[in-house]
Amino acid sequence: MQLKRVVVTGLGALTPIGNTIDEYWNALINGVSGAAPITYFDASKFKTRFACELKNFNATDFIDRKEARKMDRFTQYAMVASDEAIADSKLDLDKINKLRVGVIWGAGIGGLETFQNEMLDFAAGDGTPRLNPFFIPKMIADIAPGNISIKNGFMGPNYTTVSACASSANAMIDALNYIRLGHCDVIVTGGSEAAIAIAGVGGFNAMHALSTRNETPETASRPFDAERDGFVLGEGAGAIILEEYEHAKARGAKIYAEVIGGGMSSDAYHMTAPHPEGLGVIAVMRNCLENAGINPEDVDHINTHGTSTPLGDVAELKAISEVFGKHAKNININSTKSMTGHLLGAAGAIESIASILAIEHGIVPPTINHSVVDDNINPELNLTLNKAQKRVIKVAMSNTFGFGGHNACVAFKKLEE
């Protein structure tokens, strides 16, 4: 059968460096760091005392106070970002067939803070289980797309993908395929996460996964730098409206880019560590190229997973050199996590948005905080260090990998009529 074309017609972002798409993009191209001391709880006894929190965000500015109390922060973030994306798409909700509009969302953890607080309250009591009646529906990871569909009346496929930090990239690939196969006209996709909590920071500290650069948090996320010492925890949401091309064209929609393919693979190696030779990453990028029907030399830009961990960054860049060969040095490679921190299950969404906007504006956001060259990294690679670079981008790819060896890669293309 002939696969249908899929395009991006709406974007929404709620990030540590901007609470709207425009704020997010402006901060990206200007190399703004979102890292700062933690304000959500007393982190004075933690190994890591900073994170990339949202700034100047109040959920009740967007959501009725009574409704907001029924939602974990990760769901609040999803609602705000999806509202922006739907408004940006200019979909007429009274005219579209809502049976053919779905919501496929990603979250690696879901309502971690809700679970944490309920258990802390229970432990502080006398053993009587006085739990909030909204405890379970606030916590479960699939409640974010559920709430988006309830608010808007979308009756198509509705679920959450959970693959750790690859979750929202997997959600996008599922959404792409539902539309390609003709099952839906429109899907709201993306992801959200809100793990900056006692359990989140403490848990990742116990794994030695987080940077402990407490004196200079704004420079702590330093992908590809020889002195990187772990990732910086971030939070927020990214929402993307995917739409069947003819459906979008018929209503005169603005089209940001075409989604031309997605690849998935597994490292099958270790619970948390990447394969040292990047075998799963090699496979996922090759799968994406094949699925998109393009050659390695067609790719202009790659937004890497690039978390700022000692092992992960080297393995990913080795894989890029393997897959793209001599062409690798012609690709603008970057890691926007240097600015946003790591949004876990929402990372694939906000980094795909960065790739889409890079295509639209012809600018590759920088990898900031790089100062010391890592001898383990191919010096010929253009890592877009410390300053944005202008270039024509016809094809961009976004890599996202998760604990458990989950790998996802999505490819976007400048629209050709």
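Helix α7 (residues 167-180) has 14 residues, which at 1.5 Å a residue should span 20 Å. Its end C-alpha atoms are 20 Å apart, so the two values agree. The expected span is 1.5 Å times one less than the number of residues. Helices (H or I, at least four residues) and strands (E, at least two) are DSSP runs, numbered from the N terminus.

This is a predicted model: local features need pLDDT of at least 70, side-chain atom pairs count only at pLDDT 80 or more, and totals for chains, interfaces and linings use all residues. Residues are numbered from 1 along each chain as its sequence is written, and side-chain values use heavy atoms, leaving out hydrogens and water.

**Helix α7**
- Eleven of the 14 residues of α7 are buried, so the rest of the structure largely encloses it.
- Buried means under 20% relative accessible area, exposed over 50%, and partly exposed in between (1.4 Å probe, protein chains only).
- Among the buried residues are Met172, Ile173, Leu176 and Arg180.
- Glycine 182 follows α7 and has a positive phi, near 90°.

**Aromatic pairs**
- The structure holds seven aromatic pairs.
- Rings of Phe, Tyr and Trp (its six-membered ring) pair if their centres lie within 6.5 Å; planes under 30 degrees apart count as stacked, over 60 as edge-to-face and the rest as tilted.
- Phenylalanine 204 and phenylalanine 403 form a tilted pair, 6.4 Å centre to centre with 55° between the planes.
- This pair links distant parts of the chain, 199 residues apart: phenylalanine 204 lies in helix α8 (residues 198-206), phenylalanine 403 in the loop between β13 (395-402) and β14 (406-413).
- Phenylalanine 204 is buried at 11% relative accessibility; phenylalanine 403 is partly exposed at 29%.
- Ring pairs also join Phe57, Phe62 and Tyr77 into a cluster.
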